[in-house]
Structure formats: C-alpha cells, structure tokens
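Q: I have just opened this structure and would like to talk it through. Could we go over it together, one topic at a time?

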Amino acid sequence: MLVRCRRGRFVAALAFVTLASSAAAQEACPTLFAKGLAPVLTNAKLAARTVPLCFEAFAVLHSGVTRTPLYSAEHLTRASIADARTVARDDSFHEETRLPDAERASLEDYVRSGFDRGHLAPAGDMPTLSAQAESFSLANIVPQNRVLNRGLWADIEEGTRRLATRRGSIFVVTGVIFSGDSMQQIKGGVLVPTQLFKALYDPASGEAGAYLARNDDARNWRAVSIDALTQEAGIDVFPGLPAAARASAMTLPDPQAGARSEGHRPRPEQSWQDWLSRELNRAVRKILRDLLRSIF
Amino acid sequence: MPQDKPSRRTPKPDAFEPFADDASVRTIGALSFENGTDRIALHGSLDLTRDKAGLAQARLVRDTLEAIVKVLEADDLPEAVAEAPDAAPKSVPNPFA
C-alpha cells in the first residue's frame with residue numbers, strides 16, 4: 001500500500017532526484033577515501049540512481065535501485081578506535097531524509113523481513129556519539145543474514161579495528177555484491193545482496209586486501225586482492241593504488257582469532273604456494289621500495 | 001480507531017522503551033539491544049570488569065532486562081510470536097547482471 005502511494009508521487013520524486021544528484025555532486029568528503037579518491041564503479045549498471053552521501057565519520061554511495069548503500073568508506077586510526085570504545089548509549093535506526101522517498105528504504109521494509117539490519121560502516125567504529133547516531137541511517141544499512149551479521153561479520157569488524165589500532169591508520173571500504181540472474185527482494189523493493197566485502201588499505205605499508213563472504217550462514221570467507229574484488233564487485237574500491245598493491249592480497253587478520261573463540265569456524269584454505277607467492281611478492285615490493293628510496 | 005503502524009512511531013531520543021518501537025538500539029560496550037515490537041534482539045559481547053565502569057555497565061544491563069521483564073509480565077502474552085517472516089522474499093531479475 002505504501003509502495004503504491006509512493007509510485008503516485010513518481011514525478012515529484014523524479015524532480016527531487018535531479019535536485020538531489022546535483023546537490024550530491026558537491027557532496028565530497030575526500031579525507032575518508034584512500035589517496036582522496038572515491039571508489040569507481042567499473043560495472044556501469046551499478047551507477048543508476050546512485051547518490052553519494054557524506055556523514056561525520058563515513059561516506060556512502062546509495063543506490064535507489066537496491067535502496068541500500070553499495071559501499072561505505074571510512075578512515076580508521078588508532079585515535080578514532082580508542083574514542084570508539086564507547087560509553088553506553090541509545091540510538092535508533094532511521095530513514096535517510098536526504099534521499100527521496102521513492103529511492104530509500106523505510107523502517108518497515110526490514111521489520112519481520114527475516115533479515116538483520118546490517119551496518120556497512122559499523123556503529124562500533126564511530127569515534128563520537130553523533131557519528132554513532134548517524135551510522136543507524138538506513139542509507140548505511142543492508143539486509144544481512146542474521147548468523148553472518150552477529151557472527152563472522154562482527155568478528156571481521158572487530159579484527160579490522162584491532163588492525164587499525166596496531167597499524168595506526170587504515171582505509172576501509174565495506175560493500176555489497178549482487179551476483180546471479182535473480183535477486184531476493186524484501187518489502188519496499190529493498191534488494192538482498194548475495195555477498196559482502198570489507199576491503200582494507202594500509203597507507204604505511206602500501207598493502208591492501210579484502211574479506212569476501214556470502215550473505216548466508218555458512219561462516220565462510222575468502223581473502224581477495226583488490227583486482228580480484230574489482231572483478232567480482234564491479235567496484236574498484238581503491239582506484240589510487242599502484243598495480244602491485246592491487247594484484248596481491250595482504251595478510252588479513254583472522255576473524256576467528258578474536259576474543260570470542262567459541263564454536264567451530266572453518267579457516268580459509270591456504271596452501272604453501274599461496275604463502276610462497278605472498279612472501280615473494282612482499283620481498284619484491286621491499287626491494288623495489290628500497291631501490292626507489294636510494295634513487296630519490 | 002486506526003492505529004499508527006508501530007514501526008512508524010518515532011522512538012524518543014535517548015530512551016529505550018522495550019517493545020515500543022522497531023527502531024531503537026541500546027549499546028552497552030559491544031553488546032546491543034535491538035528493540036522490536038515483537039522481539040528484542042541481543043547481540044555482541046561485553047566484558048563486565050571488576051571496577052567502577054563494570055558496575056555501571058552491569059547495572060545498566062540489569063535495568064534494561066528488568067524493564068523488558070516488566071513489559072512482558074504486564075502483557076497478555078500469546079504462546080509464541082510468529083517465527084517466520086511476514087512474507088518470503090520475492091525473486092526478481094538482477095538489475096546489474
């Protein structure tokens with residue numbers, strides 16, 4: 001019923017979309033992106049009805065086609081994570097009023113949908129109370145499998161925070177993939193992603209890589225390079241990175257090595273060939289870096 | 001009298017009222033209470049440390065649970081709320097394929 005009403009306001013919505021996207025053209029928050037460059041959509045179809053939105057501590061690209069974000073971008077630092085170790089507080093999920101009605105998800109779309117409201121930029125990353133409140137915008141939320149959201153994905157998020165604390169600074173792009181011929185759709189036209197990814201870039205070491213997990217309760221994940229992720233997602237998350245950093249995946253923290261170790265979770269398969277090629281890659285990069293340093 | 005959809009009710013800022021809405025979330029450490037009109041989801045984890053902060057957090061967990069129990073006790077409860085989603089997700093063609 002609600003959806004039908006919205007359709008009646010299609011023309012008004014269209015006019016608003018035009019307005020919104022011209023406003024969005026000015027909306028830029030380069031400090032949240034690696035090398036100041038926002039991800040690039042390599043699958044041109046993803047670009048339909050997208051609106052970039054800046055928040056205090058993250059940026060999203062929202063799709064009016066899926067009524068979800070396609071990705072969120074954050075810059076985590078040792079200091080921001082220390083600030084994020086939060087005091088208790090109350091927040092609430094809310095519709096993103098900067099987006100037109102006909103393009104955005106509503107609260108009731110998710111109620112009794114069978115899916116969790118999964119954050120792309122996690123509330124637990126947010127350095128201030130206002131940033132945490134903003135993370136509950138539905139423009140930062142996707143329908144996520146309950147087991148994934150509360151298990152493996154929560155562990156990947158925590159592992160990412162620990163890595164940011166160890167390394168000092170990490171750029172993160174968290175996003176969704178819609179693959180296959182047909183998609184699941186919940187109320188209000190919200191599409192359910194088939195996979196989620198979390199891509200990390202360490203500006204100090206120059207390394208990057210991404211976690212990739214299916215949006216189901218299998219608790220499986222894969223480590224992929226930025227090049228491989230671009231192929232799978234149709235999104236180049238770190239367009240400013242040199243070819244070498246894109247071609248091989250950095251060693252990602254094992255989400256199972258977290259504080260919560262109960263239950264069996266399968267490990268990603270890794271052969272000695274993977275290990276050898278990773279070590280070789282690392283050695284070659286180091287030699288190159290040292291060489292460049294000695295020249296300049 | 002037509003009743004407003006529960007999820008449309010905007011929760012009061014900074015107030016977690018058990019079962020009053022489908023939007024509010026109380027976060028204590030990394031533990032969250034996600035409110036709902038027919039279920040409250042608890043997820044995450046929390047270290048209750050043997051110090052003053054631990055006591056404050058333990059009290060807040062207790063107060064939150066107490067408020068939940070109070071609402072449940074005052075309710076005329078069914079045997080069980082529906083476990084299945086309102087409607088199974090629809091299958092639609094992938095717009096990006």
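Q: Let me start with strand E6 of chain A: which residues point one way and which the other, and are they buried or exposed?
A: This is a predicted model. In strand E6 (residues 116–119) of chain A, A:Asp116 and A:Gly118 point one way, while A:Arg117 and A:His119 point the other way. All of them are buried.

Q: Which strand is joined to E6(A), and by how many bridges?
A: Strand E7 (residues 141–144) of chain A is joined to E6(A) by four bridges, and the two run antiparallel. Within that pairing, A:Asp116 stands opposite A:Gln144 of E7(A).

Q: Stepping back, what is the mean pLDDT of chain A?
A: The mean is 87, with 84% of the residues of chain A at 70 or more. Residues 1–26 of chain A have a pLDDT below 50, and this stretch makes 16 contacts in the model beyond near neighbours in sequence. Residues 259–269 of chain A also have a pLDDT below 50, with 18 contacts beyond near neighbours in sequence.

Q: And what does chain B average?
A: Chain B averages a pLDDT of 86, and 86% of its residues score at least 70. Over residues 1–13 of chain B the pLDDT is below 50; this stretch has 22 contacts in the model beyond near neighbours in sequence.

Q: What ipTM and pTM does the predictor give the complex?
A: The complex receives an ipTM of 0.84 and a pTM of 0.81 from the predictor.

Q: How many helices and strands does chain A have?
A: Chain A contains 10 helices and 14 strands. Of its 296 residues, 53% count as buried. Its accessible surface is about 12,900 Å², and carbon and sulfur atoms contribute 59% of that.

Q: What share of the contacts in chain A with a separation of 6 or more comes from residues 24 or more positions apart?
A: Such residues account for 70% of those contacts.

Q: Changing topic: how many disulfides does a search of the whole structure find?
A: The search finds one disulfide over all chains. The disulfide joins A:Cys29 to A:Cys54, with an S to S distance of 2.0 Å. The angle about the S-S bond is -90°, and the link is left-handed.

Q: Which parts does that pair tie together?
A: A:Cys29 lies in the loop between helix H2 (10–26) and strand E1 (40–41) of chain A, whereas A:Cys54 belongs to strand E2 (residues 50–54) of chain A, so the pair ties together parts that are 25 residues apart in sequence.

Q: Is A:Cys29 buried or exposed? And A:Cys54, buried or exposed?
A: A:Cys29 has a relative accessible area of 13% and is buried. A:Cys54 is buried as well, at 18%. The cut-off for buried is under 20% relative accessible area.

Q: Now the sheet with strands from chain A and chain B: what is its strand order?
A: Four strands form an open sheet in the order E5(A)-E1(B)-E2(B)-E3(B), with antiparallel pairing. The edge strands are E5 (89–92) of chain A and E3 (41–45) of chain B, each pairing on one side only. From one strand to the next, the twist averages 20°.

Q: Which helix packs on that sheet?
A: Helix H1 (residues 52–74) of chain B packs on it, touching strands E1 (24–28) and E2 of chain B. The direction of this helix makes about 150° with that of E1(B).

Q: How many bridges are there between E5(A) and E1(B)?
A: E5(A) and E1(B) pair over four bridges in the antiparallel sense. Here A:Asp91 stands opposite B:Val25.

Q: And how many between E1(B) and E2(B)?
A: They too pair antiparallel over four bridges, and B:Thr27 stands opposite B:Ser32. These strands form a hairpin with one residue between them; B:Gly29 in the turn has a positive phi of about 60°.

Q: Where do the side chains of E1(B) point?
A: B:Ser24, B:Arg26 and B:Ile28 point one way, and B:Val25 and B:Thr27 the other way. Five of the five residues of E1(B) are buried.

Q: Finally, how many bridges pair E2 of chain B with E3(B)?
A: Strand E2 (residues 30–34) of chain B pairs with E3(B) over five bridges in the antiparallel sense. B:Leu31 stands opposite B:Gly44 of E3(B).

Note on methods: Residues numbered from 1 in each chain as written. Chains lettered and ligands numbered in written order. Predicted model: local features only at pLDDT ≥ 70, side-chain atom pairs only at ≥ 80, totals over all residues. Heavy atoms only, no water. pLDDT = per-residue confidence, 0-100. Contact = heavy atoms within 4.5 Å. Pairing = 2+ DSSP bridges. Axes fitted to C-alpha atoms, helices over the stretch in contact; angles between N-to-C directions. Buried < 20%, exposed > 50% of the residue type's maximum accessible area, 1.4 Å probe, protein only. Areas by Shrake-Rupley, 256 points an atom, 1.4 Å probe, with all protein chains shown as cover. Disulfide = S-S within 2.5 Å.
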